[in-house]
Amino acid sequence: MKSTRCKTLVRSEMNKLGVHEMTVELGEVELLENLSEENLQLLANGLRNTGLELVEDKNTQLIKKIKAAVYQLVSLVSH
């Protein structure tokens, strides 16, 4: 996030999801609770509509890739 306006937009999108307890700094948001996958998608869409994008940290990206690989492996073994 590059400006106060960006921080305000992020807070607004989070509030739409019912998330009111957060710390918003330039470049990151710290939440007191985890968002569901559905709410993450809604947040990503809302941010995209304002010209911003949701960027996940490297650990979250890695976990998602591992989950997808395990799911794919289980699917292959099941067939």
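Q: Which residue stands opposite Met-22 in strand 2?
A: That's Leu-31. Strands here are DSSP runs of E, at least two residues, and helices are runs of H or I, at least four, numbered from the N terminus. Just so you know, this is a predicted model, where local features need pLDDT of at least 70, side-chain atom pairs count only at pLDDT 80 or more, and totals for chains, interfaces and linings use all residues. Residues are numbered from 1 along each chain as its sequence is written, and side-chain values use heavy atoms, leaving out hydrogens and water.

Q: OK, in what sense do strand 1 and strand 2 pair?
A: Antiparallel, over four bridges, with strand 2 covering residues 28-31. (Pairing takes at least two DSSP bridges.)

Q: And what's going on at Gly-27 in that hairpin?
A: Gly-27 takes a positive phi near 95 degrees, and the hairpin has two residues between its strands.

Q: New topic: how many residues are in the largest nonpolar core?
A: Eleven, including Cys-6, Leu-9, Met-22 and Leu-52. (A core is a set of buried Ala, Val, Leu, Ile, Met, Phe, Trp, Tyr and Cys joined through side-chain atoms within 4.5 Å.) Helix 1 (4-16), strand 1 (22-25) and helix 2 (37-49) each supply at least two of its residues. Helix 1 gives the largest share, four residues.

Q: What does Leu-52 touch?
A: Cys-6, Leu-9, Val-10 and Leu-47, skipping residues up to four places away in sequence. (Contact means heavy atoms within 4.5 Å.)

Q: Where does Val-74 lie?
A: In helix 3, residues 58-78. Val-74 counts as partly exposed because its relative accessible area is 47%. (Buried is under 20%, exposed over 50%, partly exposed in between, with a 1.4 Å probe and protein chains only.)
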